[in-house]
Amino acid sequence: MTTGKKLLNLLLAPLILAAAILIVIVLVKSRKNPPPKQPVTAVPVVEIVESSAADVVPAISTFGNVRAYHQVDVAGQVGGRIEVIDPNFDPGRAVAAGDLLAKIEEADFRTVIAGRESDLAAIRQTVADEETRSHIAREDWLASGRRLEDAPDFTLRKPQLNAARAALEAAQAGLNQASLDLQRTSIRAPFDAIVQSREASPGNVIAAGAKLGSLIARDRAEVRLPLTPEQAARLDLPLAFVAGETRPLKAILRDPNRPGLAWEASVTRTEAGVDPRNQVLYVIAEIPAPFETPGSFLPVGAFVTAELSGRELEKVHRIAAAALVDDSFVWIVDSEDKLRRQPVERLFSGKGDFLARIAAPLAAPPLHVVSRPLGSFRDGGAVKIAPNATPVEP
């Protein structure tokens, strides 16, 4: 490259650079700023349930195990060889009061009775002899011209006569006892019952008091139901220990393992103390004739749930438990689709919902209660209501 060209390039380079810079400046200044974008506000979509004030009888839920109202171990009051076992004395069989369950051999007892009768006859003869001797002694004393009041008791044979008469009473009591023992060889049901177990068989030799089986009353059964202090405060409990307070309270029992079946019971008793371990109060519900209906009998030992009717609550709202915030308020949507923080007074909690009293509603009824509130909710915030709002049944 020649020297002239080099000088030309050196002179043109600054000019080209300056021109480029000038063009860039012109382009930057001539560029128009884009219009500002408006921020997009997200409006949450909420699900609501419609709630109106109504008078409600709350259902108190509890549980327990069925137990026998009466349960007794069958035992002989006398010992001996079992001669007969009645066919109805088998587990699951029903027996009536007075029905024969087992029979103990009578021969030994009849022998005892015969001996007692012989003893009684001999003592009666002794009493008759002593009465005759006493009468003769009395006549002899009077015949001697002495006053009867001065006669010693021994002379008149009073002690001997009293001893003979006492022996007669003892012999009669012995005969009565032997006769009673003979009656007791027939072991009978003390009440209408279901046989729960049998442990004796014909030919067994048993001692007095030995267990032969067990019976449970069939006319009724019972359930011991625990109540928390809050639940007890909502019920009109029957207080048998208070004069005039014996009103029964109805309860509906259900077995979770047998859906579709229910039994009506009456809460007839309230225990006088609370369990110190958990501070619950127990009530006793009685079930009439629990074994009488085929296919729906209620066996002893079964676990059951129970629903009791509480005191009526006036003008309360039933609201889903998930809608309650801080146990003090719920979110509602007003007529302008704005959120309102509605204070509530929770009165009673049930299965998945609660009953509340709203003293000052912030919207016209029915209230549109947000079923699943968000932590970002603010009072007055706009929302969109999802379609198909569900009314809450009182």
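In what order do the four strands of the open sheet lie, and is the pairing parallel or antiparallel? In this predicted model, the order is E9-E8-E6-E11, and the strands pair in the antiparallel sense. Strands of a sheet pair through backbone hydrogen bonds, in either a parallel or an antiparallel arrangement. Between strand E6 (residues 80-85) and E11, two bridges make up the antiparallel pairing. Opposite valine 205 of E11 stands arginine 81.

E5 provides the largest share, four residues. The lining consists of Val72, Asp73, Val74, Ala75, Gly76, Gln77, Arg184, Ser186, Ile187, Arg188 and Pro190. By class, five of these lining residues are nonpolar, three are polar and three are charged.

The largest pocket has a volume of about 250 Å³. Its lining comprises 16 residues, of which Ala59, Phe348, Ser349, Gly350 and Lys351 are the closest to the pocket centre. Two or more lining residues come from each of strand E4 (59-68), helix H4 (229-233), strand E21 (345-349) and strand E22 (353-357). Among the contributors, E4 gives the largest share, three residues. The lining of the largest pocket divides into six nonpolar, five polar and five charged residues.

A further site of interest is histidine 317, which lies in strand E18 (residues 313-320). Is histidine 317 buried or exposed? Its relative accessibility is 6%, and the residue therefore counts as buried, the limit being under 20%. The side chain of histidine 317 makes a polar contact of 2.9 Å with the side chain of serine 51. Apart from neighbours within four places in sequence, histidine 317 is in contact with Ser51, Ser52 and Ala53, and also with Phe354, Leu355, Ala356, Ile358 and Leu367.

Technical notes: Residues are numbered from 1 along each chain as its sequence is written. This is a predicted model: local features need pLDDT of at least 70, side-chain atom pairs count only at pLDDT 80 or more; totals for chains, interfaces and linings use all residues. Side-chain values use heavy atoms; hydrogens and water are left out. Two strands pair if DSSP finds at least two bridges between them. Buried means under 20% relative accessible area, exposed over 50%, partly exposed in between (1.4 Å probe, protein chains only). A polar contact is a pair of N or O atoms within 3.5 Å; within protein, one must be able to donate a hydrogen and the other to accept it, and residues adjacent in sequence count only if both atoms are side-chain atoms. Contact means heavy atoms within 4.5 Å. On a 1 Å grid over the protein atoms alone, a cavity is a set of points where a 1.4 Å probe fits but cannot get out, and a pocket is an open set with protein on both sides within 12 Å along at least five of seven lines; lining residues have an atom within 4 Å of a point. Grid points are joined across faces, edges and corners, and a volume is the space filled by probe spheres set on the points. Ala, Val, Leu, Ile, Met, Phe, Trp, Tyr, Cys and Pro count as nonpolar, Asp, Glu, Lys and Arg as charged, and the others, Gly among them, as polar.
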